[in-house]
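Work through these exercises with the structure open. Each task comes with a worked solution.

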Amino acid sequence: MPNTTLILLIILLPLAGFVMLGIFGRKYFGNTSGVIATSLLLLSTALAFYTAYGYFFKYGKVDGMYQKLVPFKYTWLQFSPGLSIDMGIIIDPVSVMMLVVVTFVSLMVHVFSLGYMKSDERFPTYYAFLGLFTFSMLGLVVSSNIFQIYFFWELVGVSSFLLIGYHYDKPSAVAACKKAFIVTRFADVGFLIGILVLSYSSGTLDFNTLIANLTSPQTNEYKNAIAASFLGMSALTWGLILVFIGAAGKSAMFPLHIWLPDAMEGPTPVSALIHAATMVVAGVFLVARLFPVYAIAAPSALNLVAYVGAFSALFAAVIACTQTDIKRVLAYSTMSQIGYMMFALGVSKYGGENGLGYTASMFHLFTHAMFKALLFLGAGAVIHFVHSNEMKDMGGLRKLMPITHLTFLIGCLAIAGVPPFAGFFSKEEILLAAYQHNQGIYWIALITSALTAFYMFRLYFKIFWNREHHPLHEHHGEGGFSMMMPLVLLAIGAAVAGFIPFGHFVSSDGTRLNTGFHLQFSIAPVALGLAGIFIAMWMYKKQNAIPGKVAASLNGFYKAAYHKFYIDEVYHFITKKIIFNLIGRPAAWFDKYIVDGLVNATGNGTEDFSATIKKFQSGKVQSYAIYFLAGAIGLALLFIYIWK
Amino acid sequence: MNDFLTLMKPELVLTGIIFLLLFIKIGKGISNEHLLLLLQVLLLLNFLAGFFYNKPGSLFDGMYLTTGLIVLQKNILNLAVYLISLLFANWFKRLQHMPEFFMLMLCALLGMFFLISSGNLLMFFLSLELATIPVAAMANFDLDKKRSSEGAMKMILSSAFSSGIMLFGISLIYGATGTINFTEIPLQLHGSTLEVLAFIFFFAAFAFKLSIVPFHLWTADVYEGSPMAATSFLSVVSKGAVAFIFLSVLYKVFLPLQVLWYNLLVIVSVATMVIGNLFALRQQNIKRFLAFSSIAQVGFILVGISGSSMQGTSSVVFFILVYVFSNLAAFAVADAIATKTDAEEIDDYRGMNKTNPFLSWVLALALFSLAGIPPTAGFFGKLFLLTAGASKGSYLFIIIAALNMIISLYYYLRVIRAVFMEKNENPIEKITIEPSTKLALIFCSAGIVLIGLLSWIYDYIQSLV
């Protein structure tokens, strides 16, 4: 059986770090804060690996099926006998995998930041925020109750807000953190209402009971949830779509992706942790957590997941090809890869061989965390070196930064799907799942995979090649051991993680899934990926006129992609022009001319009190009374004559 | 006789304190500082006494009712007044007519106690007047400011008007049912046009007290003009008391008209949230900002009331408890700043966390709670309200309410951004606050954090409903 204390410690150690550094950090710990936080997290990571080992190889499997264990549960608020909010821990293949991913990537980021953030004056605060984030993310992945997940979901949002806005003296960072918070909160409203719908239709908030109630056709809850319909879809489908809106907001799916590129204003290690490996995949995790309900009770909601995922994958890949800020390229690349995970879930079915998409999605989540954290940290090292995010300030760095160069190349090969690196295996499985269940999505995915190879190698050549010598004369080294070690470890992960027989551990129903390697099937994606790499090499290895010509020949399309297809402008138009002008303006007008105007009229130019009284009586208070009476009579008329 | 003493304990103690104040005033009088301390102790004792020797019962032929829940509601209001006496200690000490101010405030509180306990329309009307008129006098207490008199004048005139409408509604109800007793009215209600008209007029007066759109126009002016202690009393204690009696009036007395009032609540609640939010968005003055945001908060309370009676009652009582802490803390910080520096604009708050970290954090916490961001108590309050509202199954209504939470998030964040993230050459100077105020602010902050997390509080409220 799992050791409850150890699992609780995994989650609580980062919290202890947050509390300690948040309260005493600046006064007592100063520059040792980083080491303290890192050692706490090292312990937490070791415990996570230990738990994973125990679960997967010792006690997790009973009769060939991985069990869902709930070693800890505390009833926090009892609404009615069946309906309670619990704080609990669920241990199943997905949550154990996530524990490992989150602690490991977070540890790498902690170590990397020791060098990267060294000269920052708010060093302890930075580590306190990292601790808060890690705690919330760990709490999220082990949630046993849908309400608990919402709680941590919001906490993750708050800590992400704090970290994006970490450089609060930069106006762009302040704007970005606010945007991220409001867009994701908007999506969370969907999630919250989804939770209400799901809990009303299943009569419980507990994940295991909820899934059990809503997936077996003989329960009353299932029958009621399927029967009640609104606008042609069952209440359950609506609930799951609303939950997916929340997931799409967190995971930056189109059209709620607009916050992610701006979130790159945060420190780069933070982007590696939150906006690449952990928080942004929370949406995928959520859909995976409720996957049986999606797959069995609401296939149409799952279809929506598939199409939104596939569209986001392609859409983001096209934009990534045109961006010049290296972190934004990586941000769009993240969005595109999460799109992969989403549609892999979307095309999957529940159980057995048909559940390949589920396994593939989780597998890709796992490998993506490795190579995308690697790429972000590599980009961080580059930015640290040249003090700029723009590609034009880079080029020719391969000799100056040999370790970064090599590890970044491994990351690029992994994401491009070149065998035998990790991305190849997980992407093959996703493509295969799509090929078996939805040919349309398969073709989108194939094109996206070629584009991925192209833009990643465009990035690679622009940073490390493109010109012979980097003009930077003042050479201050690549960064110390603390910055290079995480790169090397993650590069090893990105190189070999693909050989893990993932289907043996994680599958939609807990049974063993054998995922073979299909040579014939792999030819097309690998060939397309290599083609993308060679085109990028031809265009960007040396400075030449080709990219300009290509951009010119694609004039309109290139421009649109460069401007991210004007999605931000569309939002701006809706919020500013439509909402502000049509609703805000009249309301403001009313307030300004009717309410304020009358206040001014009463306030100005009155010397003695009696004159003021007169004005009250002739104007304002009387008009209040008129509104009052009109309101009462209006409501009375409405309810007596119109709405009986 | 014995019954009388135990059942009416909160009212009797309060009356005692009012008489004590009167004697102190006529007699030699003692210094403000000592008197304030005495009052704080007495209010605290009354609050603590509220947890002992309670039993349900009724007096005077059902004119006065009390139950465990009603005692709890009175205790929440008493706690709020206690907090006001601590939070605005600085202002009270310098106030020339402090005994009078407290007499007025406690009279209003006494009116509210009777209001919550009222068992028939006569008692209800009388206590509502007792709860209103002293507040108008309190609003007038910044004697040297014209705006204060203006606000008080507006309040008294509009409340007189609303009382007139309510009295009209009450007489129609009496005409339709032939009784003023709360337990007998529902038996005689059948949904005729006359009853609908009577109910809507009756409702309009409630809506006036709660600042529900379109009966809200007086709110911003009165809030802005009044001294902060009166404003916070008005926005927290008065609102709370009226919301409490509103619950029992709707769920018990007008139960036969349930369909009517449900639809009515949906309409006015949407209007209140939307208009309160839209106006709050563009306010620059912190008092007006808090006034409009409190209008929007009332819209959310209505969402909870529209739910079923069990969930509606417990969620509203819980929300008011949270609201007491959050709103009072926000008002107290604004007051501490305004009395010392005359800064009342949101722009003046820029960069405040550099000079006043304690006040900044308390303000941030209070605003986060008002915006409903977890894990503050305000989040749980909103959540329970929405859950209660959702129990009727009108998801569109809940979606509109939830969207309004987002809009409100935007403007609450605007203040927080000004305080923490914007640069300012001349931020507000360092403000020293009274120890008792500081203590109360810490207490409020602890409440904001803990009330949500300590689940037994909500359980306790539920057990009383």
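**Exercise 1. Find the hairpin in chain A and describe its pairing.**

Step 1. β3(A) and β4(A) form a hairpin, with 5 residues between them. Strands here are DSSP runs of E, at least two residues long, and helices are runs of H or I, at least four; both are numbered from the N terminus.

Step 2. Locate β3 at residues 69–78 of chain A and β4 at residues 84–91. They pair in the antiparallel sense over 7 bridges. Pairing requires at least two DSSP bridges between the strands.

Step 3. Look across from A:Gln78: A:Ser84 in β4(A) stands opposite.

A note on reading the model: it is predicted, local features need pLDDT of at least 70, and side-chain atom pairs count only at pLDDT 80 or more, while totals for chains, interfaces and linings use all residues. Residues are numbered from 1 along each chain as its sequence is written, with chains lettered from A and ligands numbered from 1 in the order in which they are written.

**Exercise 2. State how many helices and strands chain A has, and what share of its residues is buried.**

Step 1. Chain A has 25 helices and 6 strands.

Step 2. Of its 644 residues, 55% are buried (20 or more other C-beta atoms within 10 Å of the residue's own, with C-beta atoms placed from the backbone).

**Exercise 3. Describe the side of chain B that touches chain A.**

Step 1. The contact takes 46 residues from chain B and 39 from chain A. Two residues are in contact if their C-beta atoms, placed from the backbone, lie within 7 Å.

Step 2. α19(B) gives the largest share of chain B's side, 12 residues.

Step 3. By class, that side has 34 nonpolar, 6 polar and 6 charged residues. Nonpolar covers Ala, Val, Leu, Ile, Met, Phe, Trp, Tyr, Cys and Pro; charged covers Asp, Glu, Lys and Arg; the others, Gly among them, are polar.

Methods:
Buried ≥ 20, exposed ≤ 12 C-beta atoms within 10 Å, placed from the backbone.
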